[in-house]
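Let's take a walk through this one together. Have the sequence and the model open side by side as we go.

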Amino acid sequence: MYMEIHQLKKQGFKVRGIARKLGISRTTVYKYLRKSPEEMSVWMASTKSRMKKLDPYEMVIHTWLTEHPDLSAAQVHDWLLERYEDLQVAESTVRNYVKELREKYSIPKTKEKRVYQAVPELPMGQQAQVDFGQTQQKKRDGKKVTLNFISFVLSHSRYKYVEWLDRPFTTRDMIQAHENAFEYFGG
């Protein structure tokens, strides 16, 4: 990619055009344009030899991907956080690591086609929709905090119930939230 960026620049392309053509950010284009071939060579060698944050979990992730080839990186991220409470890793790091493992071990991502259809209207109080979400809010000290929520909406009356957590939901949290929602709705 380094050579492609420099060739396109020599051909007269602007940074924005190079970024669009190669499908990368302008920041990456600027970074590569500032580096000499020698600096780039040293940097590339350092990336191959350093240990990655998820290397200690490689076999666990490999097992998951082998058993569940349709598993998404977001699901892998959730499973890691549920099983290893001290692990702090960004979803993008997991996504890149999962992509590398799929290539390394030739585990293609399979996509199972979802089968769905309209659900017939049920009597009042017998159907609800449950969704998860996430938002970032500023605290009084100006720092950002990520809040996760689960929301329930009764289909007929549109009554709503929400629970918030300052960490990702676990299975136990989700079950408790369902029980709390049933109690709130009187069901």
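Helices and strands here are DSSP runs, numbered from the N terminus. Keep in mind that this is a predicted model.

Start with helix 6, residues 73-83. Which of its residues are buried? They are Ala73, Val76, His77 and Leu80. Look down the axis of helix 6 and you'll see these buried residues fall within an arc of 100°, so they line one face of the helix. As for what the buried residues of helix 6 pack against, the partners are helix 5 (58-67) and helix 7 (91-104).

Now follow the chain on from helix 7. The loop between helix 7 and strand 1 holds Ser106, whose phi is near 50°, a positive value in a residue other than glycine. Is Ser106 buried or exposed? The cut-off for exposed is over 50% relative accessible area, so Ser106, at 60%, counts as exposed.

Next up is the hairpin made by strand 1 and strand 2, with 5 residues between them. In the turn, Gly142 has a positive phi of about 90°. The two strands, residues 128-138 and 144-154, run antiparallel and are joined by 11 bridges.

Arg158 isn't a glycine either, yet has a positive phi of about 70°. With 48% relative accessibility, Arg158 counts as partly exposed.

Methods:
Residues are numbered from 1 along each chain as its sequence is written. This is a predicted model: local features need pLDDT of at least 70, side-chain atom pairs count only at pLDDT 80 or more; totals for chains, interfaces and linings use all residues. Side-chain values use heavy atoms; hydrogens and water are left out. Two strands pair if DSSP finds at least two bridges between them. Helices (H or I, at least four residues) and strands (E, at least two) are DSSP runs, numbered from the N terminus. Buried means under 20% relative accessible area, exposed over 50%, partly exposed in between (1.4 Å probe, protein chains only). The arc is that of the directions from the helix axis to the C-beta atoms. Contact means heavy atoms within 4.5 Å.
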